[in-house]
Structures are given as C-alpha cells and as structure tokens.
Amino acid sequence: MPKKKSNKKMLFVINPISGDNDKISLEKEIKALLKPHSVDTEFYYTTGKNDRESISEIIDEINPSTVVAIGGDGTCNLVAQTALHTPIKIGIVPLGSANGMATELNLPTDLEESLKLILAGKTRSIDVLRINKEHISLHLSDLGFNGQLIDVYEKGETRGLLSYAKSFIDNFGNAAPAKFEIVCNGKNISKEAFMVVLANASKFGTGAVINPLGKPDDGYFEIVVMRPQNFMHFLEMLVPFYTSKIHTLDFVDTYKCQRVKIKNQKKQSLQIDGEKIGQPLQVDVEILPRSLEVIVP
Ligand SMILES: Nc1ncnc2c1ncn2[C@@H]1O[C@H](COP(=O)(O)OP(=O)(O)OP(=O)(O)O)[C@@H](O)[C@H]1O
C-alpha cells in the first residue's frame, strides 16, 4: 500500500555526466540548504540504463510531491516520463550543456535560487508532445541536420556548448536538404528541407528563438520547416534568431498544429530534447495538453 503523500518529500534525480560540471558535492549542498526546511530528500543518480523504470519504482515507494531533474534536457525529459498525467511537481536544476527547457521557463541557474523556487512550488501546467507513441518531447525535437549533429556530438569525448558548436562547424559542409511529406491539420505539405523542427517551446538553450509563436502551454505545437538554400541564407538567419523574427523569413515555414505525420523518403536523424533517437521513416506527433506540472518562478 503506497505511503501517504507528504508536501515536503522530494526526489532528486542527478545526472552525473550532464554538462561540463562536477556534481560530487551536490547532494551534500542540497541537504545543507534544505535542512532548515525539514524536507525529506531522496537521491537517485542516473546510469543511462533503465533509469525510467528505477525512478518510477522509487516514486511508487516514497510518493514524493516533487521530483527534481538535475542535469540537462535529457534528464528533464526522463523525469517527465515518470510524472506525466500525475500531480507530481517537476523541479529543474539546470546543470546540462544547453538547458533549453530551463531557458524557456526562465529558471535560475544557481543551486540556492533553484531550491528556493522549488520550495515555493508554484507550477505551470505544460503541454508535452507524444512522438511515435513511445517518446515524449517537452522542448524542441527535430528531423534532419541537428539530429545528425547530435549523433556526432554524442560520439565525441567532451560535452558542453563548445563541443556542440565544433560539431556544427565540422559538419556544416556536408549538410544536404531532404524531401519531407507532412500532413498537418489534414493538409498535405511537401517540402525539401534542411531540417524540420517539432517545437513545443520557442528557443534553444543558446537563446536562439526558432519558434517565436511557441508557448509550451497553449495546447498546440509548431512545425518549423527550415529551407535555407545557400550560405547567405544561413547568414540571414543570425539576426532574426535573436530578434524573434525567424518565422518571417521566406525560407522558414511555421505551421501551428495539434497532430502531425511526417514521412521522409530518405532516412533522417531524429533528436528529441537533445537525445538521438534513430532514423525513423515516419514520425507521428500529437499534443498532450497540459499534462505536466513544472515548477516555475
Ligand atoms: N551515469 C551515466 N553514464 C553515462 N550516460 C548517462 C549517465 N546518466 C545519464 N546518461 C545519459 O545522459 C544523457 C542525458 O544528458 P542531459 O541531456 O541531461 O545532459 P546534456 O546532454 O549535457 O545537456 P542538454 O541536453 O541540456 O544539452 C542521456 O543520453 C543519458 O542516457
């Protein structure tokens, strides 16, 4: 029989390898900062294998009111899988490489500030994307060039934004557009594109706004079809990325949807919230409106 839920029982899920930062003393620091608040704490360190099952087992056993993801977007996604459609509050301490979801939600990066916010416990119910029935996406996922980059980045020996930027420069020359057949809101769209973004959110962790129309709690997501055709187009994107105008460019198409089917004629790399998934020939996406409670400022 599950134990009664306590308001102050928190499970901290720590990814020891995320970002480029040392987390050795983190557990001690968290315990010290939370001591005056009499919070019951439990810690789980991810291994990269069967973490979802292990976290779900701990949740069943201790019934926490809050589960805190300490890591990057992959760790947030992992924790979200265990709390979808439940009243469990998700806290985020952004200690990943890009921290896209934390940037989207304006979360602090400092541990003490993060814990203050988590103790305050104010939540926002956000939408989540269900992809091919087996994955979820909270932030930004895509098919095409970025997925290829993440492939290369994950095979590298270092993490962090600098390593990602290096993968971009090394692979940019090999980027080629592919044909995508998209069915969005019952409409058929056929495009040659460099990448197709499935966007629940608006911006990458770097602050570059890929989807100015995006709000993670509006009951919709956007498909952003990027069709730059030459090097000048890439240069033309730089300023609009940082002035929230990317959707106004002729070679960027944005569609607001609740359900989408994408078929690629050639295999394209799919990445979900920064994690490489594979090269599916078809991607089905649907929105799960307001299915996750995330702690926000
Ligand atoms: N102990 C571990 N050893 C190796 N890999 C791990 C371990 N724990 C988690 N992982 C892997 O870490 C990845 C998730 O990392 P996460 O996204 O949180 O950080 P990041 O990639 O540095 O940040 P961001 O996604 O914000 O760029 C997953 O692929 C997961 O399998």
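I count two residues as in contact if their C-beta atoms, placed from the backbone, lie within 7 Å. I note at the outset that this is a predicted model.

Entry on isoleucine 92. I located isoleucine 92 in strand E4, which covers residues 89-94. I then listed its contacts, leaving out residues up to four places away in sequence: isoleucine 92 touches Ala69, Cys76, Met101, Ala102 and Leu107. Is isoleucine 92 buried or exposed? I recorded isoleucine 92 as buried, because 28 other C-beta atoms lie within 10 Å. I also checked glycine 205, 113 residues apart from isoleucine 92 along the chain, and found their C-alpha atoms separated by 14 Å.

Entry on the domains. I noted a division of the protein into domain 1 (9-121) and domain 2 (135-290). Their centres, taken over C-alpha atoms, are separated by 27 Å. I found 17 residues of domain 1 in contact with 19 residues of domain 2. On the side of domain 1 that touches domain 2, H3 gives the largest share, 6 residues. By class, I recorded that side as 5 nonpolar, 9 polar and 3 charged residues.

Entry on the ligand. I looked up the 22 residues around the ligand and noted that Ser18, Gly48, Gly72, Gly74 and Gly96 come nearest. Helix H3 (residues 73-83) supplies the largest share of this shell, 3 residues. I recorded 3 nonpolar, 16 polar and 3 charged residues in the shell.

Terms used
Residues are numbered from 1 along each chain as its sequence is written. This is a predicted model: local features need pLDDT of at least 70, side-chain atom pairs count only at pLDDT 80 or more; totals for chains, interfaces and linings use all residues. Helices (H or I, at least four residues) and strands (E, at least two) are DSSP runs, numbered from the N terminus. A residue is buried if 20 or more other C-beta atoms lie within 10 Å of its own, exposed if 12 or fewer, and partly exposed in between; C-beta atoms are placed from the backbone. A residue is near a molecule or strand if its C-beta atom, placed from the backbone, lies within 6 Å of it. Ala, Val, Leu, Ile, Met, Phe, Trp, Tyr, Cys and Pro count as nonpolar, Asp, Glu, Lys and Arg as charged, and the others, Gly among them, as polar. Domain bounds come from an automatic or database domain assignment.
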